[in-house]
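Biologist: Can you put the model up? I have a few things to ask about it.

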Amino acid sequence: LVKGASKGEGLGNQFLGHIRETQAIAHVVRCFEDGNIVHVEGSVDPIRDVQVIDLELMLADLDSLQKKFSNISKAAKAGDKKSMAQHSVLDRIRVALEAGTPVRAIGLDPTELEVVKEFHFLTAKPVLYIANVNEGSGSADPSQNSLLAKVLKHAESEGAPVVAICGKVESEIAELEEADKVEFLKELGMKE
């Protein structure tokens, strides 16, 4: 997902449509420096990357809400009970999204979430952060990896879990034959 996705940049709406079908969002964020791997923004900053994605998801949510809000408002004024219940919750969501707050952070109760379930808000989904770290000792230690420390702090503020992985090692393991995987994992001191 890239900056401008809510306006159709990159895979844009197609990708956002796929996200609507999921039950959770996993933010895979880069937490290592490597001059051989270029970052689309020119520098590595996992929090900036998370904020770009969150903003795109909030803009997509706001866009889908605004497309339906007028009709729901009219139906609510006409006394339609379902629309009245939706209007109240949607108005809170609209205000929050405009202020840069994702739906999951508003504190909607289960009844309110059920009332707006059909809107499939992207930012209502729970989030998991997957920190992609370098291989080697200390890379998954936040006291030695300041990028990972930033992700942990950000995730803590949201109450979201963080899993640190080394994508390069995971990729190498995936390409091995089963017998070789076991041996490689032993060498790394890993069971799985």
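Modeller: One term before we start: buried means under 20% relative accessible area, exposed means over 50%, and partly exposed lies in between, with a 1.4 Å probe and protein chains only. This is a predicted model, so local features need pLDDT of at least 70 and side-chain atom pairs count only at pLDDT 80 or more, while totals for chains, interfaces and linings use all residues. Residues are numbered from 1 along each chain as its sequence is written, and side-chain values use heavy atoms, with hydrogens and water left out.

Biologist: Fine. Is Ser 83 buried or exposed?

Modeller: Ser 83 is buried, at a relative accessible area of 8%.

Biologist: Where is Ser 83 placed?

Modeller: In helix α3, residues 81-98. Helices (H or I, at least four residues) and strands (E, at least two) are DSSP runs, numbered from the N terminus.

Biologist: And what does Ser 83 touch?

Modeller: Leaving out residues up to four places away in sequence, Ser 83 touches Ile 72, Ala 75 and Ala 76. Contact means heavy atoms within 4.5 Å. The side chain of Ser 83 also has a polar contact of 2.6 Å with that of Asp 80. A polar contact is a pair of N or O atoms within 3.5 Å; within protein, one must be able to donate a hydrogen and the other to accept it, and residues adjacent in sequence count only if both atoms are side-chain atoms.

Biologist: Change of topic. How many salt bridges are there in the whole structure?

Modeller: The search finds ten. A salt bridge is a side-chain nitrogen of Lys or Arg within 4 Å of a carboxyl oxygen of Asp or Glu.

Biologist: Which residue does Asp 54 pair with?

Modeller: Asp 54 forms a salt bridge with Arg 104, and the closest N and O atoms are 3.6 Å apart. Asp 54 is in helix α2 and Arg 104 is in the loop between α3 and α4 (110-115), so the pair ties together parts 50 residues apart in sequence. Asp 54 is buried at 9% relative accessible area, whereas Arg 104 is partly exposed at 25%.

Biologist: What about Arg 94?

Modeller: Arg 94 forms a salt bridge with Asp 91, with 2.5 Å between the closest N and O atoms. Both lie in helix α3, three residues apart, about one turn of the helix. Asp 91 counts as partly exposed, at 28% relative accessibility. Asp 91, Arg 94 and Glu 98 are linked in a network of salt bridges.

Biologist: Now α5. How does its span agree with 1.5 Å a residue?

Modeller: The 13 residues of helix α5 (residues 146-158) should span 18 Å, and the end C-alpha atoms are 19 Å apart, which agrees. The expected span is 1.5 Å times one less than the number of residues.

Biologist: Which residues of α5 are buried?

Modeller: Leu 147, Leu 148, Val 151, His 154 and Ala 155. They cover an arc of only 125° around the axis, which puts them on the same side of α5. The arc is that of the directions from the helix axis to the C-beta atoms.

Biologist: What do those buried residues of α5 pack against?

Modeller: They pack against β1 (25-30), α2 (46-77), β2 (127-132) and β3 (162-165). The face turned away from the buried side of α5 carries the exposed residues Ser 146, Lys 153, Glu 156 and Ser 157.

Biologist: And what is at the start of α5?

Modeller: There, a side-chain oxygen of Asn 145 comes to within 3.1 Å of the backbone nitrogen of Leu 147. After α5 comes Gly 159, with a positive phi near 70°.
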